[in-house]
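Let's take a friendly walk through one protein model, residue by residue. Please keep the sequence and the 3D view at hand as you read.

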Amino acid sequence: FLILVVTCAEISIVLTYFQLCYEDHYWWWRSFLYSGSSGLYFFLYAIYYFATSMAMHSVASIVLYFSYMAMVSYMLFVVTGTVGFLSTFVFVRYIYAALKVD
């Protein structure tokens, strides 16, 4: 879990830094989406795993599987997005606090 948190924070900070270098200051939601997209990857992998390895034949089992995977993917999206946003927020505050305005 620690590797996931550190990776999400680093990716979000680096991509936001590139965005700020291009003078695009609308980084708030993008920093959330950069690292939150791991939840989308998790759900797409759940679909792939279902198609290749699962042997479910009941409609109720399939609906239950996809509803649980959707909930877990959404929770992962929110958690990793929050980690990315908070780490980027601290980074941006740090780099703009270092500027000296005359």
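Ser 31 is buried, with a relative accessible area of 0%; buried means under 20% relative accessible area, exposed means over 50%, and partly exposed lies in between (1.4 Å probe, protein chains only). This is a predicted model, in which local features need pLDDT of at least 70 and side-chain atom pairs count only at pLDDT 80 or more, while totals for chains, interfaces and linings use all residues. Residues are numbered from 1 along each chain as its sequence is written, and side-chain values use heavy atoms, with hydrogens and water left out.

Ser 31 sits in helix H2; helices here are DSSP runs (H or I, at least four residues), numbered from the N terminus. Which residues does Ser 31 touch, not counting residues up to four places away in sequence? They are Ser 12, Thr 16, Gly 81, Gly 84, Phe 85 and Thr 88, where contact means heavy atoms within 4.5 Å. The side chain of Ser 31 also reaches the backbone oxygen of Trp 28, at 2.8 Å.

Now for the two helices themselves. The axes of H1 (residues 2-21) and H2 (residues 28-53) come within 9 Å and cross at roughly 145°. Such axes are lines fitted to C-alpha atoms over the stretch in contact, and angles run from 0 to 180 degrees between N-to-C directions. From H1, Cys 8, Ser 12, Leu 15, Thr 16 and Gln 19 meet Arg 30, Ser 31, Tyr 34, Ser 35 and Ser 38 of H2. By class, this contact of H1 with H2 has 3 nonpolar, 6 polar and 1 charged residues. Ala, Val, Leu, Ile, Met, Phe, Trp, Tyr, Cys and Pro count as nonpolar, Asp, Glu, Lys and Arg as charged, and the others, Gly among them, as polar.

Here are some other residues and their accessibility.

| Residue | Relative accessibility | Class |
|---|---|---|
| Cys 8 | 7% | buried |
| Cys 21 | 46% | partly exposed |
| Ala 70 | 37% | partly exposed |
| Glu 23 | 65% | exposed |

The model has 0 disulfides, a disulfide being a pair of cysteine sulfur atoms within 2.5 Å. Ala 70 belongs to helix H3 (residues 59-97).

Where is Glu 23 found? Glu 23 is in the loop between H1 and H2, and has a positive phi of about 60° although it is not a glycine. Most residues other than glycine have a negative phi.

Definitions and conventions:
Polar contact = N/O pair within 3.5 Å; in protein donor to acceptor, adjacent residues only side chain to side chain.
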